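This report describes one protein chain, beginning with a single residue and ending with the chain as a whole. Please keep the sequence and the structure in view while reading.

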Amino acid sequence: MGAKTRYHRDPREVALNLLYRVEHKGAYANLAVDRELDRYEDNGSQHALVTELVNGTVRMRKHLDWVLNLFLSKPIQNQNPWLREILRMSVYQLLFMDNVPEYAVVNEAVGLAGRKLDRGLSAVVNGVLRNVIRNRGEIPYPDMYQNPVEYLSVYYSHPEWMVARWVERYGLEGACQLLEHNNVRPRVALRTNLLKVDREELFRSLTDEGCRCALSRLTPWGVWVEETGKPLRKLHSYREGWFYVQDDASMLVSAACAPEAGQVVYDLAAGVGGKTSHLAELMGNQGIIRAVEILPKKVEILKENIRRLGVTIVDIWTGDALGPLAPGWGEGDVVLLDAPCSGLGVLRRRSDARWRKSEKDITVLSELQKRLLKRGAQLVRPGGVLVYSTCTLEPEENEEVIDWFLEVETGFVLDDLSQPLRFFPFSPEDAKAASRGMLVLSPPRYGTDGMFIARLRRTR
């Protein structure tokens, strides 16, 4: 790879180009941002600004378009694509970034319009933004009482179908809490790699390298990073394999498996190896983990992750978990299925995900989840454990899948989740649910990603 260049362009122009690629070329926001910023030398403030502008503008698109349509002669969707993204990004700064002076937002936007568009459209940008500034305290939104779903959808910038589901399930107050949570910048949590270091030593190393962090109050492995002067992958502790970036809720899944040293453990949808490597750490790197992943690109990242973390007990099969597995792969003591899902519990981490989902996805995915769960059941030895998890909140992908499974697989029963997760500060309601074997982790309640976990035991 060639030498990286210094930032020689306005970070707002970098952000604008990324927004154009996300909105009009189908790029994924998080991947596009990471790849673009990796081309430049480290500049913490510049990188943070680009990341916030792109993710915030994409996340709040529906809210921004509502506001802009109040000040445009024709709908925002009918405007020039570059004009549309300049206006969205600029109004995002005016409404949601208090630390950016108004005059700077207008001046930078007019400058961008001058480089991307003609003089006439630069004047449009100037006029619209100044009108927004003058009227920002009196912007009318849909009527909360006449149509609460439309109001919440616009104000919190989520698809209406999603909002309607959550209002029906959680009520207005509960839905508002979840919607608000999805719009907050996600906390950065690290999982200590206990094969190499303890949590206190990792904390000291991070602090010495200029990170402002705190010990997680939710898991015994977690460290919360509140501020860092450079990308995490540039830290000495990262290069040494002392941590893996993972939300506390995700850490609970491997813990729910309660794997022991010397066991045979399956991870049927291993992805890039977050849970795979945690299972190995919990086993003291003793035993066998059989990891299955269908996408070769993810397999390559998985291999690099376990190498960096010092994990040596993982056998990898690149293929479909529903098809034939490697010769000699028989029953295991523990089988983990972290199933493909709609991902509606992790919307705060993927700014564009809410706009890529449809309600039909839930139905399609629930059928796939059932097939994968039956496959997982075939690999569990008598007396062994099957753990099913998703990062969604939808019952069709969670409780209803487990209820169906228990009807068709009479040799399995729900198993107590509260014991392997006894370190977690559950609410009384969640503690009771965990003891029965199924748990939905509410994002607003714990400040984590949304997660569903079920633990089952094969009785015969």
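## Ala258

Ala258 has a relative accessible area of 34%, so it counts as partly exposed, because the class of partly exposed residues lies between buried, under 20%, and exposed, over 50%. The model is a predicted one.

Ala258 sits in the loop that runs between helix 12 (248-257) and strand 5 (264-267). Although Ala258 is not a glycine, its phi is positive, at about 45°.

## Ser157

Ser157 is another residue with a positive phi that is not a glycine; the value is about 60°. Its loop lies between helix 8 (148-155) and helix 9 (160-182).

Is Ser157 buried or exposed? With a relative accessible area of 0%, Ser157 is buried, because buried means under 20%.

## Thr392

Thr392 belongs to the loop between strand 9 (380-390) and helix 17 (399-408). The relative accessible area of Thr392 is 0%, so this residue is buried.

Which residues does Thr392 touch, leaving aside those up to four places away in sequence? They are Cys341, Ser342, Gly343, Leu344, Gly345, Glu397, Asn398, Gly450 and Phe452. With one of these, Glu397, there is a polar contact: the side chain of Thr392 meets the side chain of Glu397 at 3.5 Å.

## The chain as a whole

The protein chain contains 19 helices and 12 strands. Its radius of gyration is 24 Å, close to the 23 Å given by the globule rule for 460 residues, so the chain is as compact as a globular protein of that length. The C-alpha trace spans about 75 × 55 × 40 Å along its principal axes.

Contacts can also be sorted by separation in sequence. Among contacts between residues at least 6 apart in sequence, 72% join residues at least 24 apart.

## Surface and charge

How much of the protein chain counts as buried? The share is 55% of the 460 residues. Ser157 is among the buried residues, and Thr392 is buried too.

The protein chain exposes about 20,200 Å², and 49% of this area is supplied by carbon and sulfur atoms. As for charge, the chain has 61 positive and 60 negative charges, and the mean positions of these two sets are 4 Å apart.

Key. Residues numbered from 1 in each chain as written. Predicted model: local features only at pLDDT ≥ 70, side-chain atom pairs only at ≥ 80, totals over all residues. Heavy atoms only, no water. Helix = DSSP H or I, 4+ residues; strand = E, 2+ residues; numbered from the N terminus. Rg over C-alpha atoms; globule rule 2.2 N^0.38 Å. Buried < 20%, exposed > 50% of the residue type's maximum accessible area, 1.4 Å probe, protein only. Contact = heavy atoms within 4.5 Å. Areas by Shrake-Rupley, 256 points an atom, 1.4 Å probe, with all protein chains shown as cover. Lys, Arg positive; Asp, Glu negative; His and termini not counted. Charge placed at Lys NZ, Arg CZ, Asp CG, Glu CD. Polar contact = N/O pair within 3.5 Å; in protein donor to acceptor, adjacent residues only side chain to side chain.
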